[in-house]
Amino acid sequence: MFTFILGCMYLIFALICLWLHKENFNFMGFIYNPKNRKLFLSLDAPFILICLMAILEKGHWILLILFLMHFINSFVLAFLPNNFYTLRDDSQLMTEDFLINTMAFMAAAAGVACLVISYL
């Protein structure tokens with residue numbers, strides 16, 4: 001059940017990313033603005049919690065990778081924010097369109113993978 005919910009959350013996140021892109025939302029400004037740190041952590045917290053519950057439910061390696069990605073990202077953002085915000089200089093090589101498309105594709109792929117795992 002938690003794996004199915006997680007898959008739906010990822011698919012909804014992918015749709016929200018694409019919709020915000022259509023509305024010309026500034027993703028780079030949102031992600032790398034230190035004022036949004038608490039909001040970003042609060043958006044990541046449900047994914048961490050439900051990923052953990054899905055791991056306890058199914059114990060699949062893909063769920064473990066998703067959990068670790070969310071946990072490491074939140075850990076760095078919460079405890080090493082200077083390291084997180086210095087990545088902005090490295091990410092200047094990526095265009096915002098590429099970032100949004102990558103986020104939407106990865107979220108959709110994670111969502112489909114979670115739905116398949118919940119079916120198994």
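Which residues of H4 are buried? Let's start there, and keep in mind that we are looking at a predicted model.

The buried residues of H4 are Leu63, Leu66, Phe67, His70, Ser74 and Leu77. If you look down the axis of H4, these buried residues fall within an arc of 105°, so they line one face of the helix. Now turn to the face of H4 that points away from the buried side: there you find the exposed residues Trp61, Ile72 and Phe79. As for its dimensions, helix H4 runs over residues 61-79, which makes 19 residues. From its first C-alpha to its last it reaches 26 Å, close to the 27 Å expected at 1.5 Å a residue.

Next, helix H6, residues 96-119. With 24 residues at 1.5 Å each, H6 should span 34 Å, and its end C-alpha atoms are 35 Å apart, so the two values agree. The buried residues here are Leu99, Ile100, Met103, Ala104, Ala107, Ala110, Gly111, Cys114 and Ile117. What do they pack against? The buried residues of H6 pack against H1, helix H2 (27-31), helix H3 (37-58) and H4.

Is threonine 3 buried or exposed? Its relative accessibility is 0%, and buried means under 20%, so threonine 3 counts as buried. Leaving aside residues up to four places away in sequence, threonine 3 touches Ala54, Glu57, Lys58, Leu63, Cys114, Ile117 and Ser118. You have met some of those names already: Leu63 is one of the buried residues of H4, while Cys114 and Ile117 are among the buried residues of H6.

Methods. Residues are numbered from 1 along each chain as its sequence is written. This is a predicted model: local features need pLDDT of at least 70, side-chain atom pairs count only at pLDDT 80 or more; totals for chains, interfaces and linings use all residues. Side-chain values use heavy atoms; hydrogens and water are left out. Helices (H or I, at least four residues) and strands (E, at least two) are DSSP runs, numbered from the N terminus. The expected span of a helix is 1.5 Å times one less than its number of residues. Buried means under 20% relative accessible area, exposed over 50%, partly exposed in between (1.4 Å probe, protein chains only). The arc is that of the directions from the helix axis to the C-beta atoms. Contact means heavy atoms within 4.5 Å.
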